[in-house]
Amino acid sequence: MQIITTLDELNQAVLPPSAAALGTFDGLHRGHQKVIHTTRAYAKEHGLSSLVFTFSNHPLAFLKPEKEPPRLLSNPDKIALLEEMGIDILCNIPFTRELADLSADGFLTLLEDKGVRAVGIGTNFSFGAGGTGNVDFLNKVHEKYELTILTSPLLTLDGCVISSTQIRRAIGEGQIHKANFMLGRPYVIHGTVVHGDKRGRTLGFPTANISLMNAKIAIPQYGVYAGLVKAKGAWYKAMLNVGNNPTFDTEDIRLEAHLFGFDRNLYGETITVKLMEKIRDEIRFSSAEQLIRQMEKDKKATLLMDFSCGGF
């Protein structure tokens with residue numbers, strides 16, 4: 001997959017004729033995937049390259065930083081997922097003043113100059129300065145730019161449109177299975193293992209801890225989850241706690257992962273966590289003994305779960 005990371009690089013690139021999926025794709029959820037699969041299928045049918053035009057940052061990170069939403073997906077993961085989807089060319093460029101000021105016509109001229117022959121969009125897509133470009137605009141001007149418009153209807157779940165906003169809400173409410181279904185994959189958190197209070201080991205449940213205090217990601221509702229953790233190149237079933245451990249009044253917001261069948265030092269290493277199911281809310285226990293009894297129940301519940309297919 002060819003990757004273009006700046007607008008200057010795109011302007012200078014000589015690209016083959018293509019069908020381009022357009023969008024922020026900040027969660028690369030099922031709705032986004034529908035747009036991209038539709039575009040890729042059209043490209044294959046018409047002998048074109050498949051292209052995705054997206055941003056390496058959320059537009060609000062530039063336009064209104066105070067309103068930038070929590071991330072659902074890291075840039076490296078976004079790139080890897082698009083490569084798995086078989087995309088030929090990825091334009092993953094930062095949203096800047098130059099792009100913010102580019103008119104809808106100017107944007108379509110840029111695509112035309114780069115050999116784009118068809119564009120795939122969701123029905124809620126907008127582009128150009130002030131978001132003046134949309135589906136109606138494209139339907140009016142597509143012949144001028146010799147573009148075929150591939151419109152994908154919005155997907156819904158339980159009567160609600162699948163969107164990054166809905167996924168963030170589900171994660172924040174602890175509805176991790178619902179969020180995972182909308183994503184089409186488990187929600188992933190990456191982090192560097194830091195030193196904790198080393199209390200887990202004394203309780204019989206040593207943990208690898210990730211600080212979430214200043215993370216710009218969607219933080220799951222505080223509680224205990226079942227999941228999978230990749231450490232030292234292998235995946236392990238894990239019992240996860242997200243929160244501040246009220247039994248011991250921990251100040252930091254953490255993700256604490258107890259990996260089953262693993263007992264090695266991970267300090268300073270990056271681990272990948274897939275959240276699969278919520279087991280229970282975070283609880284303040286009256287004693288360490290009471291906490292241990294509950295953790296044994298959580299362990300049993302986690303080990304009984306089957307994550308082999310995940311339902312996605």
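**View 1. Six strands form an open sheet in the order S1-S4-S3-S2-S5-S6, with parallel pairing.** Strands are DSSP runs of E, at least two residues, and helices runs of H or I, at least four residues, both numbered from the N terminus. Two strands pair if DSSP finds at least two bridges between them. S1 and strand S6 (148-152) stand at the edges with a single partner strand each, so one side of each has no neighbour in the sheet. On average, neighbouring strands are turned by 20° against each other, direction ignored. This is a predicted model: local features need pLDDT of at least 70, side-chain atom pairs pLDDT 80 or more, while totals for chains, interfaces and linings use all residues. Residues are numbered from 1 along each chain as its sequence is written, and side-chain values use heavy atoms, without hydrogens and water.

**View 2. Strands S3 (residues 49-55) and S4 (residues 89-93) run parallel, joined by five bridges.** Phe 55 stands opposite Ile 93 in S4.

**View 3. Gln 2 lies in strand S1 (residues 2-4).** Gln 2 touches Leu 15, Asp 88, Ile 89 and Leu 90, not counting residues up to four places away in sequence. Contact means heavy atoms within 4.5 Å.

**View 4. Helix H8 (residues 164-172) buries Ser 164, Ile 167, Arg 168, Ala 170 and Ile 171.** Seen down the axis of H8, these buried residues fall within an arc of 160° (directions from the helix axis to the C-beta atoms), so they line one face. They pack against helix H2 (30-45), helix H9 (176-183) and strand S9 (187-192). Gly 174 follows H8, with a positive phi near 80°.

Notes. Buried means under 20% relative accessible area, exposed over 50%, partly exposed in between (1.4 Å probe, protein chains only). Axes are lines fitted to C-alpha atoms, for helices over the stretch in contact, and angles run from 0 to 180 degrees between N-to-C directions.
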